[in-house]
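Q: I would like to learn how to read a model of this kind. Could you take me through it step by step?

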There are 2 protein chains.
Amino acid sequence: MLNELYSIRMRAAEGGAHEQGGRHISGGERLGQKEELHKLATELLTKSLNHSRGDCDFIQLVIEKLQNQEIKTISPLPVSTEHVQNVTEGRKKAVSLLSFLGISDEAITQGLNFLKQSTHQRGAIIVDSQTGKRLDHRELKGVRVSRMDWHTQSWSNWSAFYQPFASSRIREALALASKVAASPYTIAELCWSDDLDYITGYVASSATGYIRITHLKNIGEDCGGRIFFVKQHCPLDDYISYLETTPVCITYENATKHGRRTSS
Amino acid sequence: MLNELYSIRMRAAEGGAHEQGGRHISGGERLGQKEELHKLATELLTKSLNHSRGDCDFIQLVIEKLQNQEIKTISPLPVSTEHVQNVTEGRKKAVSLLSFLGISDEAITQGLNFLKQSTHQRGAIIVDSQTGKRLDHRELKGVRVSRMDWHTQSWSNWSAFYQPFASSRIREALALASKVAASPYTIAELCWSDDLDYITGYVASSATGYIRITHLKNIGEDCGGRIFFVKQHCPLDDYISYLETTPVCITYENATKHGRRTSS
Ligand SMILES: Nc1ncnc2c1ncn2[C@@H]1O[C@H](COP(=O)(O)OP(=O)(O)OP(=O)(O)O)[C@@H](O)[C@H]1O
Ligand SMILES: Nc1ncnc2c1ncn2[C@@H]1O[C@H](COP(=O)(O)OP(=O)(O)OP(=O)(O)O)[C@@H](O)[C@H]1O
Ligand SMILES: [Mg+2]
Ligand SMILES: [Mg+2]
Ligand SMILES: [Mg+2]
Ligand SMILES: [Mg+2]
């Protein structure tokens, strides 16, 4: 029997709550059992209170028990790295990958422009892969992918195997990108962090895996975010509902088949 | 210089969030410095996850930094206990105290009736002490008094002195009642808990202090709440704003004058 799972989400801002105009500082989403909630809350608080984007004065934590929902089990995307010398080279690389995946020049330009000027966005924006039009109407809120996490043992196995990537940053980003890529409506995701001290970004898709690109912005810049390029005629409500609410557990092949969160 | 203070609030419900119709399980409000936030979050989570009212499936924690606001320092109300044999005797006692304080029979009846049938209320209701009319329009949300806590050393001193009362339940209730009674618009507060296992309630006012009454409901009942009886023509918005947002620190006479949260 599957143990009862809880979703725990955090968002933190400076200058008041996000909905009152506060600037986004940090966010995070995890899954865990009841007895893990204290530890997860502590980890999310620590992350928000020690953030390179600044000193938050608003933090919200929301814990929700998952109601007998089936947990979708997916594998992490395979990871590779493109080593580039500077931002120009990095963005050129991103463009060529997105283009290879069939995303129109117009959509790629829109996506890149959006990330370049996005300094307050707290969720992803959804872009039509052909027209380049933004499809969600969420403004600065965007669409925050939630209810995904690694199976605990799977993360241990994976991070032991991919030692240089064993950071909480990659843990979180790869869980997110794997959930996003698992939707049949996603063509690709483009991401670089809004954190001032982190300049590696990625292009991810089910076709190419998770391709890290070592320079997608310059150090000290606070712009960043995520663009989900979707197929034309993507059923937007269903897509957003999948991203926000379907519980997804990332399991890695070597993981025990009998641990928590494995489902059929 | 006063150290920076944070407010931390929790609310927990069963059957979804309160605003989605969930049943109120637990709530709490504390103040603390940055380095105390982890401990306070843990305490509030523990309280919500182990509650006599049931098993919550929604918990929200909100942390807000207080913005250079002056912290009002007040003393705890003096505490006394009325030992009664049963609910009938206890409620008669409450009625006579409220009546002595000048609250009309109509208002007392309204207040008592409200608490008798209130099983889902998460904040207090405000009642005109003469007409008995409910003044806030907050429905099940009510008015949740926030941003009050004991000065740490004061609580140690007070609870060492009043040993039998050294519980977190009395700690929280006395802080709340002292803040409420410190408003010039409050005539009295009537409270019994919505917890199934706690039947002692109280009448509190600046005139009488905090008078515990040992039976205000029967064990196993889930009705309860708080009524704030206010003077006629009370400026409602100001009153609610005081209750919800003015930071109040409860200090006890023996407490150090140089610790945190003492203000002029
Ligand atoms: N779960 C998510 N769903 C959708 N978009 C996200 C998600 N997490 C982050 N983003 C977007 O990507 C940007 C960069 O991600 P990043 O991880 O740096 O920030 P964060 O998750 O908001 O906070 P933190 O830096 O604490 O992780 C965010 O500002 C946000 O716009
Ligand atoms: N801070 C507050 N401000 C206003 N009303 C409150 C406050 N705390 C409690 N109440 C009201 O009094 C009732 C009884 O209080 P009680 O302390 O038992 O519950 P609680 O604070 O909601 O949760 P917990 O039982 O976890 O403390 C509550 O259900 C609520 O209606
Ligand atoms: Mg993140
Ligand atoms: Mg960030
Ligand atoms: Mg309480
Ligand atoms: Mg209660």
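A: Let us begin with the interface. The size of an interface is often given as the accessible area lost when the parts come together. In this predicted model, chain A and chain B bury about 1900 Å² between them, and 57% of that area is on carbon and sulfur atoms.

Q: How many residues of chain A are in contact with chain B?

A: Contact is judged by heavy atoms within 4.5 Å. By this rule, 21 residues of chain A touch 21 residues of chain B.

Q: How many salt bridges and polar contacts are found between chain A and chain B?

A: A salt bridge needs a side-chain nitrogen of Lys or Arg within 4 Å of a carboxyl oxygen of Asp or Glu. Four salt bridges are found across the interface of chain A and chain B. In one of them, the side chain of Lys65(A) meets that of Asp55(B), with 3.0 Å from N to O.

Q: Which elements of chain A supply residues to the side that touches chain B?

A: Here one assigns each residue of that side to its helix or strand. Both α1 (37-49) and β3 (58-65) of chain A supply at least two residues. The largest share, eight residues, comes from β3(A). By type, the side of chain A that touches chain B divides into 11 nonpolar, five polar and five charged residues.

Q: How does β3(A) run relative to strand β3 of chain B, parallel or antiparallel?

A: For paired strands, one examines the direction and the bridges. β3(A) and β3 of chain B (residues 58-65) run antiparallel and are joined by seven bridges. Within this pairing, Gln60(A) stands opposite Val62(B).

Q: Where does Lys65(A) meet Glu4(A), and what does the pair tie together?

A: Lys65(A) also forms a salt bridge with the side chain of Glu4(A), at 3.7 Å from N to O. Glu4(A) lies in the segment before β1 (6-14) of chain A, whereas Lys65(A) is in strand β3, so the pair ties together parts that are 61 residues apart in sequence. Over all chains, a search of the whole structure finds 42 salt bridges.

Q: Which residues are closest to ligand 1?

A: To read a ligand site, one lists the surrounding residues and then examines individual atoms. Ligand 1 is surrounded by 20 residues, the closest being His24(A), Ser26(A), Lys47(A), Val145(A) and Ser193(A). A nitrogen atom of ligand 1 is 2.7 Å from a polar backbone atom of Val145(A). An oxygen atom of the ligand is 3.0 Å from a polar backbone atom of Gln121(A).

Q: Which residues are closest to ligand 2?

A: Ligand 2 is surrounded by 20 residues, and the closest are His24(B), Ser26(B), Lys47(B), Val145(B) and Ser193(B). A backbone N or O atom of Val145(B) lies 2.7 Å from a nitrogen atom of ligand 2. Side chains take part as well: an N or O atom of the Glu29(B) side chain is 3.0 Å from a nitrogen atom of ligand 2, and one in the side chain of Asp194(B) is 2.8 Å from an oxygen atom of the ligand.

Key: Residues are numbered from 1 along each chain as its sequence is written. Chains are lettered from A and ligands numbered from 1 in the order in which they are written. This is a predicted model: local features need pLDDT of at least 70, side-chain atom pairs count only at pLDDT 80 or more; totals for chains, interfaces and linings use all residues. Side-chain values use heavy atoms; hydrogens and water are left out. Buried area is the accessible area (1.4 Å probe) that two parts lose on being put together, summed over both. Helices (H or I, at least four residues) and strands (E, at least two) are DSSP runs, numbered from the N terminus. Ala, Val, Leu, Ile, Met, Phe, Trp, Tyr, Cys and Pro count as nonpolar, Asp, Glu, Lys and Arg as charged, and the others, Gly among them, as polar. Two strands pair if DSSP finds at least two bridges between them. A residue is near a molecule or strand if one of its heavy atoms lies within 4 Å of it. A polar contact is a pair of N or O atoms within 3.5 Å; within protein, one must be able to donate a hydrogen and the other to accept it, and residues adjacent in sequence count only if both atoms are side-chain atoms.
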